[in-house]
Amino acid sequence: MTDNKLLAFSIIQFLNDQLRSGDLSSSAQESLEVAAQCLETAFEVSKDDQSLAVPMSLPEIFASATEKFPAQSHANNNATPNSVSEEQRAEAERLKTDGNDQMKVENFGAAVEFYSKAIALNPQNAVYYCNRAAAYSKLGNYAGAVQDCEQAINIEPNYSKAYGRMGLALTSLNKHTEAVGFYKKALELDPDNDTYKANLKIAEEKMETASPSPGLGGVDLAGLLSNPALMNMASSMMNNPQVLQMMSGMMSGAYGGTGGAGAGAGAANTSASSSAPGPGDLSGLIQAGQQFAQQMQQQNPELIEQLRSQMRNRAPSTGNEDQQ
């Protein structure tokens, strides 16, 4: 494990050196920061632990090793479309089709595997990277989607779908200003695409909004009510005596129930100010609401976080785009 820690430390040093170089895009910088943090956690090392430092940096070690076989070390880097055989092209296309089939049945992990195999056979095909970006986005790996879209654009600078999917990934990362630029480029290349127009509008709205607006905003209520996890949690909580007691307290506090049923007919003749809950009633209502929220948080914290995320963000549309 000691050797693994030394190697991990060297890789972390290399990643930090790249971050300090200032030659990377903001999305690439974020990806490297996450990678370095993951390595530190996985191998239980710290970037400040100089006891793990080795005499040579990782690039120096690599250069020293590749001097022994320069031909092989640069073979893949110098790959050109002509270096891919017809058999490899055909197999890559077959793998891409398999990936597309997996996307249709929403088996996104398998789709990523097929696209990755296609890329290994023909790394100069922009479609494979763009399709894998779509699969990554479905899996929530937006940083991976950004990287694949960048690669697709490098290979084919006029590939509108790569710009559109880059916009989707950046929007999901809350990088709305950058997303706007990519949506505009996508529309420049494909001006009649309604999905790009709609997503550009959403990104511009997000960019211009300084703080979340009150109310439900863009929350998909139908989606929430059809969420099985939410419905199961609600059903379970409604059968919980403690929850029912809290709900009863909330209702009685909300309607000024301290007067009891005997208030009856006299209540109709009282003024609005006397029937409104007093400070004590409002405090009890707030406390009951807080207890109810805590109960929900304890029962299913993942679902609560998902609901919070939906409250914060109105997701852009992937439209009716098919994989190529």
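Tutor: Axes are lines fitted to C-alpha atoms, for helices over the stretch in contact, and the angles between N-to-C directions run from 0 to 180 degrees. The model discussed here is predicted, with pLDDT of at least 70 required for local features and 80 or more for side-chain atom pairs, while totals for chains, interfaces and linings use all residues. Residues are numbered from 1 along each chain as its sequence is written, and side-chain values use heavy atoms, with hydrogens and water left out.

Student: What makes up the secondary structure of the chain?

Tutor: The chain has 18 helices and zero strands, where helices (H or I, at least four residues) and strands (E, at least two) are DSSP runs numbered from the N terminus.

Student: Why are H9 and H11 called roughly parallel?

Tutor: Helix H9 (residues 160-172) and helix H11 (residues 194-208) pack at an angle of about 30°, their axes being 11 Å apart. Angles under 35 degrees count as roughly parallel, over 145 as roughly antiparallel, 65 to 115 as roughly perpendicular and the rest as oblique. H9 and H11 are therefore roughly parallel to each other. Their crossing is left-handed, a term for a near helix turned anticlockwise from the far one by less than a right angle, clockwise being right-handed.

Student: Which residues make the contact between H9 and H11?

Tutor: From H9 come Ser160, Lys161, Gly164, Leu168 and Thr171, and from H11 come Tyr196, Asn199 and Ala203; contact means heavy atoms within 4.5 Å. By class, this contact of H9 with H11 has three nonpolar, four polar and one charged residues. Here Ala, Val, Leu, Ile, Met, Phe, Trp, Tyr, Cys and Pro count as nonpolar, Asp, Glu, Lys and Arg as charged, and the others, Gly among them, as polar.

Student: How do you know whether H9 and H10 are roughly parallel or antiparallel to each other?

Tutor: H9 and helix H10 (residues 176-189) pack at an angle of about 160°, with axes 8 Å apart. On the antiparallel criterion, H9 and H10 are therefore roughly antiparallel. H9 passes H10 in a left-handed crossing. Residues in this contact include Tyr163, Met166 and Leu170 of H9 and Phe182, Tyr183 and Leu189 of H10. The contact of H9 with H10 has nine nonpolar, five polar and two charged residues.

Student: What is the phi of asparagine 174, and where does asparagine 174 lie?

Tutor: Asparagine 174 lies in the loop between H9 and H10. Its phi is positive, about 65°, although asparagine 174 is not a glycine. Most residues other than glycine have a negative phi.

Student: Why is asparagine 174 called partly exposed?

Tutor: Its relative accessible area is 43%. Buried means under 20% relative accessible area and exposed over 50%, with partly exposed in between (1.4 Å probe, protein chains only). Asparagine 174 is therefore partly exposed.

Student: How is glutamate 44 classed at 66% relative accessibility?

Tutor: Glutamate 44 counts as exposed, because its 66% lies in the exposed range. Glutamate 44 is in the loop between H2 and helix H3 (58-66), and has a positive phi of about 55° although it is not a glycine.

Student: What makes H5 roughly antiparallel to H6?

Tutor: H5 and H6 pack at an angle of about 165°, with their axes 8 Å apart. That makes H5 roughly antiparallel to H6. H5 passes H6 in a left-handed crossing. Among the residues that meet are Leu95, Asn100 and Met103 in H5 and Phe114, Tyr115 and Lys117 in H6. The residues of the contact of H5 with H6 divide into ten nonpolar, four polar and four charged.

Student: Why is asparagine 100 called buried?

Tutor: Asparagine 100 lies in helix H5 (residues 86-104). With a relative accessible area of 10%, asparagine 100 is buried. Not counting residues up to four places away in sequence, asparagine 100 touches Tyr115, Asn131, Gln323 and Gln324.

Student: How is lysine 117 classed at 47% relative accessibility?

Tutor: Lysine 117, in helix H6 (residues 108-121), counts as partly exposed at 47%. The C-alpha atoms of lysine 117 and leucine 95 are separated by 6.9 Å, the two residues being 22 apart along the chain.

Student: What share of the residues in the chain is buried?

Tutor: Buried residues make up 29% of the 324 residues.
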